[in-house]
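Hi everyone, and thanks for coming. Let me walk you through a structure that may be new to you, so please have a look at it with me.

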Amino acid sequence: MTVRIARIETFLYRADVKEPVKMSFGTMPRRSALLLRVEDRDGAHGWGEVWCNFPPYGADNKVRLLETVIAPAAMAGSFADPPEAWQAITERTARWAIQGGEPGPFAACIAGLDLALWDMAARRIGKPLRALLAGDAVRDAVPAYASGLNPDTALPTVERCREAGFRAFKVKVAFGPDMDNAVVSDLARHRRLGERLMVDANQGWDLAAARRAVRNLGAYGLDWIEEPIPADRPATEWAELAMLSPVPLAGGENVMGYEAFAALIANGHHGVVQPDMLKWGGVTGAFAVGRRAVAAGRSYCPHWLGGGLGLLAAAQVLAAVGGPGLLEHDMMENPLREALAQPFPRVSDGVFPLPGAPGLGVEPDLDRAAPWLLAHAEHRATAA
Ligand SMILES: [Mg+2]
């Protein structure tokens, strides 16, 4: 399954939305998606997406990094398989990432490329990505939850998501104790039998505020409390909050590297482990972290808030990892979600069905997404 890349295309999309996603750290007034399409020397292709939802123009730097640094590095050699490509390209660009002070953007671009190579590898053997990862007996659906819910419109959004087939919902908190309590108690009161509710503080509390919040909000019978404090706070703070909280803590979307995930899983303060595979690691890293998390008794719930390809990638890896984890399914306005992943799977009774087609199982509809296309570029390997 030697990987020899002949061509890499990049596509940058941006769409304005009427209701921005509101987090404790800021808002998303527009939604970006950065895609890449890889083709090998036999004409096989694969699609990847790069995490870029914040800050609003962060994608612009990443598309340039892909075009000028990552794509040339990827086309300069051949690799035994996608994990070897991820490792080799990471090593080949490591000094530049340090020199540029940009380990995050480099890791995200390489993660998106890794996804494209895995998609291509699965398409080449005619199997869904999950089957390439975990064998043909892998499950073909994953439980999902509706994500991105704003506190001020949470109730009507839950109603809309329930209509759309969801049975689990996650709302943003850390907008002040009064508002947080009001929103969560409202949602808990309107929760139906069997429905699940989670909250995401997006690193919005300091330790003192988090001590109070995890006790108050945890009393509503939540499935988890996500990122109560900044991801880089010392393990002693996470340990204390994990003890005080009546429900599991969640996090991982702001963690990079095997060593950091190994420590996070081993120390056990996070009951729910949530790597963003297109921020760091790609399929290669996320599958490894997910398996380790589940083996250690944690729940693996991949983080994603972006376009449809990334959502399908998260779903495929979750299916392959197994365990009790839920798929994060953004339900806020974003026309790029469905346009860039066709045919788009529909959630039903809380379950996201996975396509049977090879690779990710979807293709971006470039015509439908054309109104939001900002930039498209193509890079070819020099003949060898
Ligand atoms: Mg989160």
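Let me begin with a term: by a nonpolar core I mean a set of buried Ala, Val, Leu, Ile, Met, Phe, Trp, Tyr and Cys residues joined through side-chain atoms within 4.5 Å. Buried, here, means under 20% relative accessible area. And please keep in mind that what you see is a predicted model.

With that in hand, the largest nonpolar core has 77 residues. Those with the most contacts inside this core are Trp205, Val317, Leu327 and Phe352. Helix α11, which covers residues 308-321, gives the most to this core, with 11 residues. Apart from this core lies another one, of 42 residues, and Leu66, Met75, Ala116 and Trp280 are among them.

Let me zoom in on one of those names. What does phenylalanine 352 touch, once neighbours within four places in sequence are left aside? The partners are Ala141, Val142, Ala144, Leu311, Leu312, Ala315, Leu327, His329, Pro345 and Val347.

Histidine 329 sits in strand β12, residues 327-330. Is histidine 329 buried or exposed? Its relative accessible area is 3%, and anything under 20% counts as buried, so histidine 329 is buried. Not counting residues up to four places away in sequence, histidine 329 touches Tyr145, Ala146, Ser147, Phe166, Leu311, Arg337, Phe344, Val347 and Phe352.

Now for the metal. Which residues coordinate the magnesium ion? They are Asp200 through OD, Glu226 through OE and Glu253 through OE, at 2.0 to 2.2 Å. Along the sequence, these donors follow the spacing D-x25-E-x26-E. The two glutamates link distant parts of the chain: glutamate 226 is in strand β8 (residues 225-226), while glutamate 253 is in the loop between β9 (249-251) and α9 (258-267), 27 residues apart. Glutamate 226 is buried, with a relative accessible area of 0%, and glutamate 253 is buried too, at 8%.

Most residues other than glycine have a negative phi, and most peptide bonds are trans. Glutamate 227, however, has a positive phi, near 40°. Glutamate 227 is in the loop between β8 and α8 (235-244), and it is buried, with a relative accessible area of 1%. Alanine 174 also has a positive phi, near 75°. You will find alanine 174 in the loop between β6 (168-172) and α6, and at 14% relative accessible area alanine 174 is buried.

What about the peptide bonds? The one from phenylalanine 54 to proline 55 is cis, with omega near -5°. Proline 55 is in the loop between β3 (45-50) and α1. The bond from glutamine 342 to proline 343 is cis as well, with omega near -5°, and proline 343 is in the loop between α12 (335-339) and β13 (351-353).

The largest pocket has a volume of about 450 Å³. Of the 26 residues that line this pocket, the closest to its centre are Trp51, Asn53, Phe54, Asn254 and Lys279. Helices α1 (58-75) and α3 (103-124) each supply at least two lining residues, and α3 gives the most, with three. The lining divides into 11 nonpolar, seven polar and eight charged residues.

Leucine 155 is in helix α5, residues 154-163. With a relative accessible area of 28%, leucine 155 is partly exposed. Leaving out residues up to four places away in sequence, leucine 155 touches Asp186, Leu187 and His190. Leucine 155 and histidine 190 are 35 residues apart in sequence, yet 8.3 Å apart in space, C-alpha to C-alpha.

Definitions and conventions. Residues are numbered from 1 along each chain as its sequence is written. This is a predicted model: local features need pLDDT of at least 70, side-chain atom pairs count only at pLDDT 80 or more; totals for chains, interfaces and linings use all residues. Side-chain values use heavy atoms; hydrogens and water are left out. On a 1 Å grid over the protein atoms alone, a cavity is a set of points where a 1.4 Å probe fits but cannot get out, and a pocket is an open set with protein on both sides within 12 Å along at least five of seven lines; lining residues have an atom within 4 Å of a point. Grid points are joined across faces, edges and corners, and a volume is the space filled by probe spheres set on the points. Helices (H or I, at least four residues) and strands (E, at least two) are DSSP runs, numbered from the N terminus. Ala, Val, Leu, Ile, Met, Phe, Trp, Tyr, Cys and Pro count as nonpolar, Asp, Glu, Lys and Arg as charged, and the others, Gly among them, as polar. Buried means under 20% relative accessible area, exposed over 50%, partly exposed in between (1.4 Å probe, protein chains only). Contact means heavy atoms within 4.5 Å. Donors are N, O and S atoms within 2.8 Å of the metal (3.2 Å for Na, K and Ca); water is not among the atoms, so sites may look incomplete.
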